[in-house]
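Take a look at the model, try each task, and then compare your steps with ours.

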Amino acid sequence: MSIHPDLSSAVGGTPLLRLRHASRLTGCDILAKAEFLNPGGSIKDRTALGLLLDAERSGELRRGGTIVEGTAGNTGIGLALIGASRGYQSVIFMPDTQSREKIDALRVAGAEVRLVPAVPFKDPRHYVHIARAHAGQLNATAAGSAWFANQFDNTANRDWHENTTGPEIWAQAGGKVDGFVCAAGTGGTLAGIGRALKARNPAVKIALSDPAGSALANYINRGELLAEGGSISEGIGSSRVTENFRDAPVDLAWSIPDQESVPLLHQLLHEEGWCVGGSSGVNLAGAIRLARELGPGHTIVTILADAGTRYQAKLFNPAFLRDKGIPVPEWLDQAFPG
């Protein structure tokens, strides 16, 4: 029997799932890390724990201090929950465009949530800049009282995935990994896991599955940060190269439209029972593309990052989907008639 002494020790160790439809479709083994089964409901629990432990070791985060972060939601939830379990308060800044479900989850977790306008990173009102400034103000009043987690450019994020998530995937797959693919927000997951897998087998292909509206696929393929289109996905994509994404060992990149990714997550729920969020649909679309690139007989790993219940009002709302030009499956229409 295994007993976890606290919340932190329960992060990670998520199962690796074989996805039936995607595997059958491509002739490959499409495997997905079920990160929505972490205590806070997403892969960002890992990120939060890695950042927090690093700050405790360095002395940047002191006993009874305040965690400050700018986030689209999931990292904030992880920081708030793990932080509360270790005696910290949390102040989270996030764009006011994020799902109501994530905003409510943060408040339930005990965080002080401050919603700000969704503006480009170059704008000083961007949630990351405001969070950084707030931590600075707290520290100016009481030195050492606050810690800005800085998930985008604090490479403890990438290092944690390189030292934990990547080796976990390799061990669960028995060393049989031909390709890994996922989206990037901070870039920590893709870069860290990519580095870990490449260290074990340099032939492993690492791919970026980028939502439309993000500039990263164009950056990998053409060397320019050019964003085209848009997506309903939250928490992934970027208009800049973060310190975590910089030097990520990415071999291939695709821009994935919502019309391709969202139907895949609907199918995954209806046929296999896994209810996951929009970024997981983007990841699954990328896994299918990578499998077709490599050909039948290969093993491709991706991430199911969080639960679909955090985006119910968008992903499972027929009227919203139609307004965005995204196909609505018949069973979803029947579930929510009118």
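The crossing of α3 and α4 is left-handed, meaning that the near helix is turned anticlockwise from the far one by less than a right angle (clockwise would be right-handed). Helices here are DSSP runs of H or I with at least four residues, numbered from the N terminus. This is a predicted model, where local features need pLDDT of at least 70 and side-chain atom pairs pLDDT 80 or more, while totals for chains, interfaces and linings use all residues. Residues are numbered from 1 along each chain as its sequence is written, and side-chain values use heavy atoms, without hydrogens and water.

**Exercise 1.** Find the angle at which α3 and α4 pack.

- Step 1: α3 spans residues 74–85 and α4 residues 100–108.
- Step 2: their axes (lines fitted to C-alpha atoms over the stretch in contact, with angles from 0 to 180 degrees between N-to-C directions) are 9 Å apart, at an angle of about 15 degrees.
- Step 3: α3 is therefore roughly parallel to α4 (under 35 degrees; over 145 is roughly antiparallel, 65 to 115 roughly perpendicular, the rest oblique).

**Exercise 2.** Work out how α2 and α3 cross.

- Step 1: the axes of α2 (residues 44–58) and α3 come within 8 Å and cross at roughly 55 degrees.
- Step 2: α2 is therefore oblique to α3.
- Step 3: the crossing of α2 past α3 is right-handed.

**Exercise 3.** Locate the charge over the face of F121.

- Step 1: R240 lies there, 3.8 Å from the ring centre.
- Step 2: the criterion is NZ of Lys or CZ of Arg within 6 Å of the ring centre and within 35 degrees of the ring normal.

How values were computed. Helix = DSSP H or I, 4+ residues; strand = E, 2+ residues; numbered from the N terminus.
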